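Subject: the structure I promised you

Hi,

Here is the structure to look through. Open it first, then read my notes below with it on your screen.

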Amino acid sequence: NNAFAATIPGTETRITTDPGDQYDPMISGNLIVYTDYRTINTDIYYYNLTEGREHPVIVAPGNQELTSVSGDLIAYTDYRFSSVCIFNTSDGTTFTIPKDPAVGHYYSDIDPSISHDLVAWTSTRDGNWEIYAMNLTTGEVRRITDDINDGTAILNQMPWVCNGIIVWDKMHWPGVKRDAYVYDWATGTTKQLGDPATRTWANETCPKTDGQRVVFYDDSTGDNDICIEDLADVGVTDRVTHIALPGDQSDPAISGDFVSIDDLSSGVYHITLYYIPTGRVYSINTPDVNGQYLNSIDGNRVVYTDDRNGDLEIYMYEFTLRDTTPPTTTLSTDKSPVNSLWGTFYPNDVTVTLSATDDTPTGITTNYTLDETTTPILRPSWYPARAPTPSLTIARTRWVTLKRTWPRPSISTRRHRGQHAF
């Protein structure tokens, strides 16, 4: 694990125990979807965390892989037909993105990403590898990229979708220059990601988005570092935050304020977490000698591929983190004190109420207590001896535990880890 990172508290759970390899997981809510290689070809399965059991999506001849999940919907590539398919876990139905008969020749649709009712994928229908997207509710299909086939073999690949935002990686041959782009479905605008000072010569690779920020990795510092760019800054300030860690890092994913990273700084891939509000780096508690990679994050759960058992298996780490930002607290009473020559006091029963608000992410708790050693004066010295002493009521439980109930993004998408061959 990263020698410069503290271990974040949490619990690791082994998800798969099947023969052969299970790898490349994605998580959305209580569903984890992955590619399975227990037979002679690859199939798609998902694990329901609520039920605690595994379900097949498709077990068929040929290869099915490159998965994505959002809510009840799982997107994958069926390489028998080079088609993008959408499986609905709620009713068991499958929808295949239809081929366009007007194209007039065979072409491939592969590597889908899905978020709610928007799915994006890579297609060869126009001669180049281009990004297409479809609104599953309206049926509208758009060509997102439109590069001229000028012999330089431009490849648009690895689309990622979240809340109407599509990001992808564009590769230029020869020279293998890679750039990252973002498309807004609502406005129809496309912008280039990355620092303008370096993106003309550096590579920006494998972008992911949560709909507000984009993460990717670039090589402008000499090795591969993770970068974060706020969508509000794209095309305006173009401000990019670099996560400066030793060695190479790749395949970032983002959920809320956490970025999960495949980290090679120790010489073996491990999962590193970056907490955006504080800039702190954390490792997860996994074996140092074995690799963890191909990660996905949703809320305070990160899933990954692990090779500790001699084959590839899926594990999940559910983490917690003590809050590092001060809460907003309010102390109030239901009565006002009385000021007199003998001091300030409460002549009648008084209730003291403590309230606190915090912006802590899901899974992170902060405890607050009232200091009862500073009890206010309830009975001044002149108070009649036979009169009852007013009581003090602390209106709270012993511990006040607050959690922010932020919505987990009901999205997850997948990307092709390798490169397409020409």
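Strand 10 covers residues 94-96 and pairs with strand 9 in the antiparallel sense over three bridges. A strand here is a DSSP run of E with at least two residues, numbered from the N terminus, and two strands pair if DSSP finds at least two bridges between them.

Before going on, some housekeeping. This is a predicted model, where local features need pLDDT of at least 70 and side-chain atom pairs count only at pLDDT 80 or more, while totals for chains, interfaces and linings use all residues. Residues are numbered from 1 along each chain as its sequence is written, and side-chain values use heavy atoms, with hydrogens and water left out.

**The whole protein**

There are 37 strands and zero helices. Of the 422 residues, 51% are buried; buried means under 20% relative accessible area, exposed means over 50%, and partly exposed is in between, using a 1.4 Å probe and protein chains only. Take the contacts between residues at least 6 apart in sequence: 48% of them join residues at least 24 apart. A contact means heavy atoms within 4.5 Å.

**Back to strand 9**

How many residues of strand 9 are buried? Six of its six. S83, C85 and F87 are on one side, V84, I86 and N88 are on the other, and all are buried, which leaves both faces covered. In a regular strand, side chains alternate between the two faces of the sheet.

Strand 9 also pairs with strand 8, again antiparallel, over six bridges, and Y76 has C85 as its bridge partner there. Look at the two turns as well. Strands 8 and 9 form a hairpin with four residues between them, and S82 in that turn has a positive phi of about 50 degrees. Strands 9 and 10 form a hairpin with five residues between them, where G92 in the turn has a positive phi of about 75 degrees.

Strand 16 (residues 165-172) and strand 17 (residues 177-184) pair over eight bridges, and V167 stands opposite V182 in strand 17.

**The cores**

Which residues touch the most other members of the largest nonpolar core? V57 and L193, out of 25 residues. A nonpolar core is a set of buried Ala, Val, Leu, Ile, Met, Phe, Trp, Tyr and Cys residues joined through side-chain atoms within 4.5 Å. Among the elements that give two or more residues to this core are strand 8, strand 9, strand 16 and strand 17. Leaving aside neighbours within four places in sequence, L193 is in contact with residues including V167, V182, V214 and F216. Another core, of 15 residues, lies apart from the largest one, and V302, Y304, F319 and L321 are among its members.

**Two single residues**

N41 sits in the loop between strand 4 and strand 5, and is buried at 13% relative accessible area. A polar atom of the N41 side chain lies 3.4 Å from the backbone oxygen of G62. M134, in strand 13 (residues 130-135), is buried too, at 7% relative accessibility. From C-alpha to C-alpha, M134 and I97 are 8.5 Å apart, although 37 residues separate them in sequence.

**Aromatic rings**

The structure holds six aromatic pairs. Rings of Phe, Tyr and Trp (its six-membered ring) pair if their centres lie within 6.5 Å; planes under 30 degrees apart count as stacked, over 60 as edge-to-face and the rest as tilted. Y269 and Y293 have ring centres 6.5 Å apart and planes at 70 degrees, so this pair is edge-to-face. Ring pairs also link F258, Y275 and F319 into a cluster.

Key. A polar contact is a pair of N or O atoms within 3.5 Å; within protein, one must be able to donate a hydrogen and the other to accept it, and residues adjacent in sequence count only if both atoms are side-chain atoms.
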